[in-house]
Amino acid sequence: MAFEVGDSCGSNSTCGTKNKSTENTRMSITALIVDDDQDAKRAFIELLQRYGYETSVVNSGRQAIDLIHSGNQFDVIFLEMKNSLNGLQTTRDLRAIGVRSMIVGMEVFTIRKNYQDFRDSGLDIFYAKPVSHVSIALLHNEIEKKKRAVEFVEA
């Protein structure tokens with residue numbers, strides 16, 4: 001997947017709504033949230049769980065790396081770019097130890113010049129916070145497609 005920059009709602013006029021017809025058939029996606037802001041984390045967990053994500057949470061990049069080293073695997077890692085271990089360095093470290101999960105960088109405010117740094121660090125996608133329902137649903141669909149393709153190949 002090419003590096004992408006998402007917005008918090010996009011041009012979709014249904015921002016904040018769910019597709020009821022596919023909600024019950026969604027595949028479970030494992031997600032690690034790396035963020036030290038308790039309030040933002042709580043709201044983000046609720047959003048992800050509405051779309052069927054199974055969430056694990058840590059407060060820092062160091063804790064994320066330790067969790068991965070202990071054998072945990074995730075389909076997607078949501079990484080606050082201003083956590084205690086710089087988000088860019090955390091991404092580089094995760095890629096260096098072989099993490100192939102999709103890594104989504106998130107930040108409240110970002111200057112456009114930082115996008116190249118994000119891309120170079122190994123991020124797959126960057127979203128401005130707060131992340132929208134639409135972005136999470138689209139991301140879930142993309143990960144689901146990849147997981148189904150792997151299941152098909154392994155079968």
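These legends go with several close-up views of a predicted model.

Local features here need pLDDT of at least 70 and side-chain atom pairs count only at pLDDT 80 or more, while totals for chains, interfaces and linings use all residues. Residues are numbered from 1 along each chain as its sequence is written, and side-chain values use heavy atoms, with hydrogens and water left out.

**View 1. The whole fold, for orientation.** The protein has six helices and six strands (DSSP runs numbered from the N terminus: H or I of at least four residues for helices, E of at least two for strands). Follow the sequence and you get β-α-β-α-β-α-β-α-β-α-β-α. Of the 155 residues, 42% are buried (under 20% relative accessible area with a 1.4 Å probe, protein chains only; exposed is over 50%, partly exposed in between).

**View 2. Strands S2 and S3, side by side.** S2 (residues 29–34) and S3 (residues 53–58) run parallel and are joined by six bridges (DSSP has to find at least two for strands to pair). Ile-29 sits opposite Tyr-53 in S3. To get from S2 to S3, the chain goes through helix H2 (residues 38–50), making a right-handed β-α-β crossover; that is, with the strands pointing away from the viewer, the path from the first strand over the helix to the second runs clockwise.

**View 3. Helix H2 and its buried face.** H2 has 13 residues and spans 19 Å from first C-alpha to last, close to the expected 18 Å (1.5 Å times one less than the number of residues). Its buried residues include Lys-41, Phe-44 and Leu-48. Down the axis of H2, the buried residues fall within an arc of 165 degrees, so they line one face of the helix (the arc is taken from the directions from the axis to the C-beta atoms).

**View 4. Tyr-53 and the largest nonpolar core.** This core has 21 residues, and Tyr-53, Phe-44 and Phe-78 are among those with the most contacts inside it (a core is a set of buried Ala, Val, Leu, Ile, Met, Phe, Trp, Tyr and Cys residues joined through side-chain atoms within 4.5 Å). Leaving aside neighbours within four places in sequence, Tyr-53 is in contact with residues including Ile-29, Leu-48, Val-76 and His-140 (contact means heavy atoms within 4.5 Å).

**View 5. Ser-121, tucked into helix H5.** Ser-121 lies in H5 (residues 114–121) and, at 4% relative accessibility, counts as buried. Not counting residues up to four places away in sequence, Ser-121 touches Leu-88, Thr-91, Arg-92 and Arg-95.
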